[in-house]
Amino acid sequence: MTTSSRAGLRDAMVTGGAFALGLVLLALFLLVAGFDVPLALGALWRGAFGSWYAITSATLVRATPLILLGLAFTLGSRGGALNIGMEGQFALGAMAAAWAGTHVGGLPMVVALPIVLAAGMIGGIAWMAVPVFLKLRFGVTEVISTLLLNFVAEAAVSWAVSGPMQEPTHVYPQSAAIAASAQLPKLLPGARLHLGLVLAVLVAVGLMVLLRKTRWGFELRAVGAGPRAAEVSGGIRSGRLLAVALLASGALAGLGGAVEVSGVSYALYLNLSPGYGFTAIAVALLGRLQPLGVVIAGVLFGALEAGAGAMQRDAGIPAVAVQVVQAVVIVTMVVAQRTANSEQR
């Protein structure tokens, strides 16, 4: 077995082990809390994979934004930057897409839909431009600035849906519905699954090619491995490269918001995201920061999100219990990564 094969097998074992450990601890948590564990786990399974409808109208629908946001985190992380503000970029992308979607009613779908998706990406880029400027001009770490901007974005959405973007009757805190031509087509009759999943997979494939087959991707990975070494030995301008990667990360997060608006909600609401931006960090880590791994991890976490609702409905388990799994996965992956790095030194 080659070295790369052994490394791939080890990564797969660590990933599977982290997810399995999370489920075991969830079961222990439910047992200690006095819940019926078989009933709860059965509801989790039925809500995620128990029927064709559960798969196509719950699991894969929830997986779509998680995949896009997981790819956004992956792109920044491969360059050594941590974009913790995907929740805010998702919200601004959704806001921009909702605004555009209410102004393209007279256009055909082939024109209106790209405009709405592009608006979401521009919204994400604009929100990420602030941390990039602060990092390049004042050396402010993107971890702090992107995290704090999440709260600002939440306030901005609240202001928008109660003010300039509020629906015409001014009764509900939400925007008007976007035009029919701005809505993503459904993939299957009678299911909520929409074209956004195909778009997310295509983005993953494109990102994989970008990282592995292009000079830009090579330079980004070199900067992520060691920015000083990349500058001295490779002549790479790490600051500019990282700025582009972060802006592209913001674009993907904004696209996630646009896809949610044009494929699921058809309007801008408060709390449109149930924490997709934070869950996507676990998705990216579980996917080992590999685009196709992120797709698989996104489906798994989409299943957890879908199953959490069924657990709450059928077994009376608080949906927040599923966050135990997500937290364990994150901690396990971080410990495994640090252990692997220590062994390589």
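Helices (H or I, at least four residues) and strands (E, at least two) are DSSP runs, numbered from the N terminus. Residues are numbered from 1 along each chain as its sequence is written, and side-chain values use heavy atoms, with hydrogens and water left out.

**Confidence**

- The mean pLDDT (the predictor's confidence in each residue, from 0 to 100) is 88 for the protein, and 93% of the residues score at least 70.
- Confidence is highest in helix 4, at a mean of 97, and lowest in helix 13 (residues 322-344), at 66.
- Where pLDDT is low, the predicted coordinates should not be read in detail.

**Overall build**

- Read from the N terminus, the elements run α-α-α-α-α-α-α-α-α-α-α-α-α.
- The protein is as compact as a globular protein of its length, because its radius of gyration of 20 Å is close to the 20 Å that the globule rule gives for 345 residues. Here the radius of gyration is taken over C-alpha atoms, and the globule rule is 2.2 Å times the number of residues to the power 0.38.
- Along the principal axes, the C-alpha atoms fill a box of roughly 65 × 55 × 35 Å.
- Of the 345 residues, 49% count as buried. Buried means under 20% relative accessible area, exposed over 50%, and partly exposed in between (1.4 Å probe, protein chains only).
- Contact means heavy atoms within 4.5 Å. Among contacts between residues at least 6 apart in sequence, 74% join residues at least 24 apart.

**Helix 4 against helix 5**

- Helix 4 (residues 86-101) packs on helix 5 (residues 109-138) at an angle of about 140°, and their axes are 7 Å apart. Axes are lines fitted to C-alpha atoms, for helices over the stretch in contact, and angles run from 0 to 180 degrees between N-to-C directions.
- The crossing of these two helices is right-handed. A crossing is right-handed if the near helix is turned clockwise from the far one by less than a right angle, and left-handed if anticlockwise.
- On the helix 4 side, the residues that meet helix 5 are Gly88, Gln89, Leu92, Gly93, Ala96, Ala97, Ala100 and Gly101. Their partners in helix 5 are Ile115, Val116, Ala119, Gly120, Gly123, Gly124, Trp127 and Met128.
- By class, this contact has nine nonpolar, seven polar and no charged residues. Ala, Val, Leu, Ile, Met, Phe, Trp, Tyr, Cys and Pro count as nonpolar, Asp, Glu, Lys and Arg as charged, and the others, Gly among them, as polar.
- An α-helix has 3.6 residues a turn, so residues three or four places apart point the same way.

- Tryptophan 127 lies in helix 5 and is buried, with a relative accessible area of 17%.
- Leaving aside neighbours within four places in sequence, tryptophan 127 is in contact with Gly88, Gln89, Leu92, Leu149, Val152 and Ala153. Its C-alpha atom is 9.6 Å from that of methionine 86, 41 residues apart along the chain.
- Leucine 255 is also buried, with a relative accessible area of 4%.
- Not counting residues up to four places away in sequence, leucine 255 touches Leu68, Leu117, Gly120, Met121, Leu199 and Val203.

**Helix 11 and positive phi values**

- Helix 11 (residues 276-286) is mostly covered, with nine of its eleven residues buried. Among them are Tyr276, Gly277, Thr279 and Leu286.
- Arginine 288, which follows helix 11, has a positive phi near 55°.
- Tyrosine 266, in the loop between helix 10 and helix 11, has a positive phi near 60°. Tyrosine 266 is partly exposed, at 21% relative accessible area.
- Histidine 170 is not a glycine, yet its phi is positive, about 60°. Histidine 170 belongs to the loop between helix 6 (142-162) and helix 7 (196-213) and is exposed, at 52% relative accessible area.

Methods:
This is a predicted model: local features need pLDDT of at least 70, side-chain atom pairs count only at pLDDT 80 or more; totals for chains, interfaces and linings use all residues.
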